[in-house]
Amino acid sequence: MSARTSLVRTLSLVALLLFVTAPLLLLVVTSLARGWFAPALLPDHIDGSAWRDLVTDAARREALVNSLVLGIMTAIVATALALPLGRAAARSTRAVRRSVALLAFAAVALPPVALGVGLQLTVLTLGLGGTLAGVFLAHLVPTLGYLTLVFLGVFAQWDGRMDEAAATLGADVRTRWRLVLLPLLRRPIADALALGFLVSWAQVALTLLVGGGAVRTLPLDVLAMLQSGQDQRAAAGALALAMPALLVLGLSRAAARNTAAVAA
C-alpha cells in the first residue's frame, strides 16, 4: 500500500468518524447547556434538568413508557409471528417464497405516510384509533415485514439435518422446537428482538397518523420540544432515542468478537 493511499484512507476514516460523532457530541452538549446562545462559545450554565425531566415530568415519562411498551410488545409479537412464517416460507415452493418475500418487502418499502393512511382506516374500522393498541398494530406491520425477511434468510441457509435426526428418533414437533430449533436459533431470535424493538422505537409517521396525537411517544415528544424551541429538552430526548441503537451496536460488536475468539 502506497503512502498516498494510506493517507487517503486515514483521512476518510477521520472524516467518517467526525460525520457520525459530531451530531451526537453536539446533542450531548446541548442537552446539558442552559442559556447557550450565539455568538457565545460556552453556555452560561451546565445542568442535567433536561435529563431529569425525562423521568420526573409526567408527560415526558408517559411518552418514554409508551415507547418502551410499544417497542417491547412489537418486538416479541413480531418475532413470534415472523419465525414460523419465515420457516414455512423457506420450506415451501419457490413461488411461495417469492410471494412472501414480496409482501414482506412491500411492508418495509412503502412510504410510512402511505402505509399509515391505509392502516389508519383499518384501525379506525376496528375502533382502535387514537389508542395504544391501535398504534401497536400499526407498528407491527413494518416490523413483521423486516423480521419475516430476516427469518426467511436464516432458514434459506438452514441445515435441517439435526431437526430431521430428532424427528427420526421419535421427537414430536414441540420437543424439536424446544430442544433443537430454539437453542440453535438463539442468536437470530436475539437479533430479531433487537431489530423489532428499534423499528417500533423510531416510528413517527405511523404513530402520528394512527395515534392521532392522543398517543404520546418519545419521538413525538422530541419533535414537540423542538418545535416549541426547547432545544435542551429536545436534545436529551434525542439522545435517549439513540441509546438503544448504540447499545445494540455495542452488543453486536462484543458478540462478533466473542464469536471470532471461539472460532479461533
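# Close-up views of the predicted model

**Figure 1. The largest share of the nonpolar surface patch, 3 residues, comes from helix H3, which covers residues 58-90.** Helices are DSSP runs of H or I with at least four residues, strands are runs of E with at least two, and both are numbered from the N terminus. The model is predicted: local features require pLDDT of at least 70 and side-chain atom pairs pLDDT 80 or more, whereas totals for chains, interfaces and linings use all residues. Residues are numbered from 1 along each chain as its sequence is written, and side-chain values use heavy atoms, with hydrogens and water left out. The patch is formed by Val-65, Val-69, Met-73 and Leu-132, which together have about 290 Å² of accessible area. Patch members have over 30% relative accessible area and no salt bridge, and nonpolar side chains (Val, Leu, Ile, Met, Phe, Trp, Tyr) are joined within 5 Å, like charges within 9 Å; areas follow the Shrake-Rupley method with a 1.4 Å probe, only the protein chains shown counting as cover for residues. Val-69 is located in helix H3. Val-69 counts as partly exposed because its relative accessibility is 37% (buried is under 20%, exposed over 50%, partly exposed in between; 1.4 Å probe, protein chains only).

**Figure 2. The chain is built from 12 helices and 2 strands.** In sequence order, these elements follow the pattern α-β-β-α-α-α-α-α-α-α-α-α-α-α. The C-alpha trace spans about 75 × 65 × 30 Å along its principal axes. Of the 264 residues in the chain, 31% are buried. Leu-13 belongs to helix H1, residues 3-32. With a relative accessible area of 55%, Leu-13 is exposed. Between Leu-13 and Leu-70 there are 37 Å in space, C-alpha to C-alpha, and the two are 57 residues apart in sequence.

**Figure 3. The largest pocket has a volume of about 360 Å³.** Its lining comprises 17 residues, and those closest to its centre are Thr-30, Ala-33, Gly-229, Asp-231 and Gln-232. Strand E1 (33-34), helix H2 (49-56) and helix H12 (231-263) are the elements that each give two or more residues to this lining. Helix H12 provides the largest share, 5 residues. By class, the lining of this pocket has 7 nonpolar, 6 polar and 4 charged residues (nonpolar: Ala, Val, Leu, Ile, Met, Phe, Trp, Tyr, Cys and Pro; charged: Asp, Glu, Lys and Arg; polar: the others, Gly among them). On a 1 Å grid over the protein atoms alone, a pocket is an open set of points with protein on both sides within 12 Å along at least five of seven lines, a cavity is a set where a 1.4 Å probe fits but cannot get out, and lining residues have an atom within 4 Å of a point.

**Figure 4. The structure holds 1 cavity of 30 Å³ or more.** The volume of the largest cavity is about 30 Å³. Ser-67, Leu-70, His-139, Ser-200, Trp-201, Gln-203, Thr-207, Thr-217 and Pro-219 line this cavity. At least two of the lining residues are supplied by helix H3, and at least two by helix H9 (186-201). The lining of the cavity divides into 3 nonpolar and 6 polar residues, with no charged residue. Leu-70, one of the cavity-lining residues, is also the residue whose C-alpha lies 37 Å from that of Leu-13.

**Figure 5. A salt bridge joins the side chains of Asp-53 and Arg-233, at 3.2 Å from N to O.** Asp-53 is in helix H2 and Arg-233 in helix H12, 180 residues apart, and the pair thus links distant parts of the chain. Arg-233 is buried, its relative accessible area being 19%. Asp-53, Asp-57 and Arg-233 are connected in a network of salt bridges. The whole structure contains 6 salt bridges, each defined by a side-chain nitrogen of Lys or Arg within 4 Å of a carboxyl oxygen of Asp or Glu.

**Figure 6. Arg-60 and Asp-221 form a salt bridge in which the closest N and O atoms are 2.8 Å apart.** Arg-60 and Asp-221 are both buried. For Asp-221, the relative accessibility is 0%. The side chain of Asp-221 also meets that of Arg-216 in a salt bridge, at 2.6 Å from N to O. Arg-216 is partly exposed, with a relative accessible area of 28%.

Definitions and conventions. Points joined across faces, edges and corners; volume = space filled by probe spheres on them.
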